[in-house]
Amino acid sequence: MPRPIEAIIDSAALYHNLQRCRRAAGDAKVWAVVKANAYGHGIARVYPALRAADGFALLDLDEAQRVRDLGWRGPILLLEGVFSARDLELCSRLGLWHTVHTDEQIDMLASHKTLQPHTVFLKINTGMNRLGFSPQRTRAVWARLQALPQVAEVGLMTHFATADIQEPGLNEAWQTFCSVTADLPGPRTACNSAALLRHPEVAAQTDWVRPGIALYGSSPDAPQHTISNWDLQPGMSLRSRIIAVQALKPGQSIGYGATFTAPCDMRVGIVACGYADGYPRTCPTGTPVLVDGVRTCTLGRVSMDMLAVDITPAPDQPHWQPNFGSEVTLWGRASNGVVLPIDDVAAAAGTLGYELMCALAQRVPIHTE
């Protein structure tokens with residue numbers, strides 16, 4: 001019998017989240033962002049649910065090839081553009097759209113021999129200060145791209161640095177973008193998940209939106225809003241089982257470093273899940289888990305292959321009597337339908353749901369429902 005840990009990809013939840021993003025997008029088209037192997041879910045696994053999008057956005061040429069191999073014939077956007085001149089050959093062959101954010105990429109494009117001119121998106125830096133041309137250079141760069149025979153259409157793009165927090169930064173960035181692109185033709189794209197859900201009025205003024213994390217059932221602005229607030233469903237559930245039960249007396253400890261000491265008589269379940277499975281070692285005592293659908297918490301340190309959870313009987317759960325073989329949901333949806341948002345676990349670990357999804361270890365079997 002295999003070790004009782006698995007990740008379940010919920011196709012219906014992914015489709016639901018895509019439709020939720022589409023409703024927020026208004027008339028804008030939707031790119032499903034599937035970078036980092038679809039945020040750890042697997043491009044091939046999410047494709048059946050996300051092919052209802054208008055396009056796919058990603059980073060790597062091999063990911064683009066995989067999407068084409070799955071049968072996708074619509075737009076694919078390279079979010080960071082090309083990294084070498086040879087990449088443009090594959091862009092031509094696969095019909096990829098690509099972002100242009102630096103002069104070197106334009107130089108490569110100007111030297112590229114192609115029979116089919118490319119669609120490119122000019123990226124404007126409105127405050128993120130990672131990629132993109134300064135607002136002051138926008139029109140000159142646009143004119144240079146527009147003059148190249150290798151270019152069919154120039155779109156306009158930015159990425160908001162503060163879409164997930166309550167402060168005026170997004171509005172200022174949006175006004176900058178609008179100002180420097182006024183009267184320039186071409187499709188516009190600006191909104192990631194946070195901007196889309198929090199500022200649909202901005203999305204309504206663009207032609208494409210780029211939801212990523214929301215598609216997979218994590219809140220883009222947790223803890224301000226939960227997935228329930230945004231009507232999102234978990235796309236990934238990580239489940240295991242109790243493989244042993246320990247009875248602790250007051251004063252006894254558990255796990256490496258004896259970081260947890262029982263204050264009273266306790267029942268402790270040992271779960272087949274650890275940091276070698278992608279569960280964060282930084283999760284402290286008190287990190288939420290579901291045992292047979294009931295919310296409880298971890299105890300002590302997470303080790304490589306195991307962690308401990310509190311299964312002490314509680315007066316408000318008289319029928320809850322977990323034991324060997326009981327289901328443990330580390331994040332996502334339990335078999336009985338109860339949901340533990342991945343954001344709750346990430347908060348305890350001092351990180352984001354993004355990292356937990358992407359860090360799922362290769363040794364964890366993944367199944368699609």
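This is a predicted model: local features need pLDDT of at least 70, side-chain atom pairs count only at pLDDT 80 or more; totals for chains, interfaces and linings use all residues.
Which residue forms a salt bridge with Asp 62, and how far apart are the closest N and O atoms? Keep that one in mind for a second.

Okay, the partner is Arg 66, with the closest N and O atoms 3.8 Å apart. How open are they? Arg 66 has 33% relative accessibility, so it counts as partly exposed, and Asp 62, at 45%, counts as partly exposed too.

In general, side chains of opposite charge can pair when their charged atoms come close. In this model the count comes to ten salt bridges.

Here's another of them. Arg 144 pairs with Asp 107, and there the closest N and O atoms are 2.7 Å apart. Arg 144 is partly exposed at 34%, and Asp 107 is partly exposed at 39%.

Now for Arg 363, which forms a salt bridge with Asp 277, the closest N and O atoms being 2.7 Å apart. Arg 363 is in the loop between H12 and strand S19, while Asp 277 is in the loop between strands S13 and S14, so the pair ties together parts that are 86 residues apart in sequence. Is Asp 277 buried or exposed? Buried, at 0% relative accessibility, whereas Arg 363 is partly exposed at 41%. And there's a network here: salt bridges that share partners join Arg 3, Asp 277, Asp 305 and Arg 363.

On to the pockets. The largest one has a volume of about 910 Å³. Its lining has 41 residues, and nearest the centre are Tyr 39, His 159, Asn 192, Ile 213 and Tyr 354. Helices H2, H9, H11 and H12 each supply at least two lining residues, with H11 giving the largest share, four. By class, that lining has 21 nonpolar, eleven polar and nine charged residues.

The second largest pocket comes in at about 200 Å³. It is lined by 13 residues, with Pro 4, Ile 5, Glu 6, Arg 239 and Arg 241 nearest its centre. Strand S10 gives the most to that lining, three residues, and the classes are five nonpolar, three polar and five charged.

That's my tour, thanks!

Terms used
Residues are numbered from 1 along each chain as its sequence is written. Side-chain values use heavy atoms; hydrogens and water are left out. On a 1 Å grid over the protein atoms alone, a cavity is a set of points where a 1.4 Å probe fits but cannot get out, and a pocket is an open set with protein on both sides within 12 Å along at least five of seven lines; lining residues have an atom within 4 Å of a point. Grid points are joined across faces, edges and corners, and a volume is the space filled by probe spheres set on the points. Ala, Val, Leu, Ile, Met, Phe, Trp, Tyr, Cys and Pro count as nonpolar, Asp, Glu, Lys and Arg as charged, and the others, Gly among them, as polar. A salt bridge is a side-chain nitrogen of Lys or Arg within 4 Å of a carboxyl oxygen of Asp or Glu. Buried means under 20% relative accessible area, exposed over 50%, partly exposed in between (1.4 Å probe, protein chains only).
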